[in-house]
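Me: I've got a model open on my screen and would like to talk through a few spots in it. Can you take my questions one by one?

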Amino acid sequence: MDTSTSVTNSSTFQNSHFILMGLPGIHEWQHWLSLPLALLYLLALGANLLIMITIQHESMLHEPMYHFLSILSVVDIGLATTIMPKILAIFWFDAKAISLSECFAQIYAIHCFICMESGIFLCMAVDRYIAICHPLRYPSIITEASVIKATGFMVLRNGLLTIPVPILAAQRLYCARNEIQHCLCSNLGVISLACDDITVNKFYQLALAWVLIGSDMALVFSSYALILRSVMRLNSVEAMSKALSTCSSHLILILFFYSGIIVLSVTHLAEKKIPLIPILLNVLHNVIPPALNPMVYALRMQELRLGFWRLLGLGEDMSIK
């Protein structure tokens, strides 16, 4: 009787918290990475806030393309803020403990923001496709109301479809190890500690990646393929150059975002042999795009760049050529 009782108790024991161990293999000097990561985080916050304020302040930027860019800035701030404060707390204050509820909330936020970023990239690709391939119909199709509807749809889609990820993780039994070899709560890292079957969790994670992110990626690249075909048919070299310049900033960031996801998926297969690489890439993929996006747009978009100067009081006499 005592034996059966002890077995039952051990099988139903649930850990109350997880321990985020940080970057595997470099625990002794991982705090040195805190400075570049903190600088990237501050850059992401400052640059994206500057973009949002500039677009709000400049009436010439009150166009659908810049509205989507402003929404992307909100998503970037949310994604970076979801992980960076905890990572810096681990590196600076050795604050490795995280409650189960906080961990599952972080899992949800990470998935939601990444899927939201993919969705906004799709909206921006469709916006550019209609602007270049159907310019006469653009004002009637892409309106302020359509931007609100598209954004609302993306919020509902990503908010609802990512809910099962943390719910399924929370339903698992964590009765043994509670040390996560990571500096954030990744879904696969957390459920790998479960004592019961995680097949459903892995299946939904895979389905979410292929159906949601995969379909977005296919539609985004299809849009840009159609744009490229349409641009190649233009007789004017100047018009061709202007169209390609408008799309190039979007395409640079889209390629970086989706190639990062593909690289993460591939390196995850080698995680047991080289655990540091996929984990470090995972962290960087969540903080570099939010810091990179504003800089690329500022460098490639003249209207936005001039808006920055005017906002800072440096461009009163500047005009768009």
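Me: Let's start with Ser245: does its relative accessibility make it buried, partly exposed or exposed, and which class is it?
Reply: Keep in mind that this is a predicted model. Ser245 sits in helix H10, which covers residues 237-268. Its relative accessibility comes to 32%. Buried would need a value under 20% and exposed one over 50%, so Ser245 counts as partly exposed.

Me: And how far apart in space are Ser245 and Arg300, C-alpha to C-alpha?
Reply: Along the sequence, 55 residues separate Ser245 from Arg300. In space, the C-alpha to C-alpha distance between Ser245 and Arg300 is 7.5 Å.

Me: Where in H3 does the kink lie?
Reply: From its first C-alpha to its last, H3 reaches 43 Å with its 30 residues, close to the expected 44 Å. There is still a kink of about 30° in H3, shortly before the proline Pro85. The kink lies at Thr81.

Me: How many residues of H3 are buried, and how many of H4?
Reply: Both helices are mostly covered. For H4, 27 of its 34 residues are buried. For H3, the buried count is 24 of 30.

Me: Which residue follows H3, and what is its phi?
Reply: Most residues other than glycine have a negative phi. The one after H3 has a positive phi instead, and it lies in the loop between H3 and strand S2 (97-99).

Me: What about H2 and H3: roughly parallel or roughly antiparallel?
Reply: H2 takes in residues 34-57, and its axis comes within 9 Å of the axis of H3. The two cross at roughly 155°. With the cut-off at over 145 degrees, that makes H2 and H3 roughly antiparallel.

Me: And how many charged residues are in the contact of H2 with H3?
Reply: The crossing of H2 and H3 is left-handed. By class, 20 residues of the contact are nonpolar and 5 are polar. The charged count is 1.

Me: How does H2 lie against H11, oblique or roughly parallel?
Reply: H11 covers residues 276-300, and the axes of H2 and H11 are 8 Å apart. They cross in a left-handed way, at an angle of about 40°. Roughly parallel would need an angle under 35 degrees, so H2 is, relative to H11, oblique.

Me: Last one, zooming out: what percentage of the protein's residues count as buried?
Reply: The protein has 12 helices and 3 strands. Its C-alpha atoms fill a box of roughly 85 × 40 × 35 Å along the principal axes. Of the 321 residues, the share that counts as buried is 46%.

Terms used: Residues numbered from 1 in each chain as written. Predicted model: local features only at pLDDT ≥ 70, side-chain atom pairs only at ≥ 80, totals over all residues. Heavy atoms only, no water. Helix = DSSP H or I, 4+ residues; strand = E, 2+ residues; numbered from the N terminus. Expected span 1.5 Å × (residues − 1). Bend = angle between axes of the 7 residues up to and from the residue. Buried < 20%, exposed > 50% of the residue type's maximum accessible area, 1.4 Å probe, protein only. Axes fitted to C-alpha atoms, helices over the stretch in contact; angles between N-to-C directions. Parallel < 35°, antiparallel > 145°, perpendicular 65-115°, else oblique. Left-handed = near helix turned anticlockwise from the far one by under 90°. Nonpolar A, V, L, I, M, F, W, Y, C, P; charged D, E, K, R; others polar.
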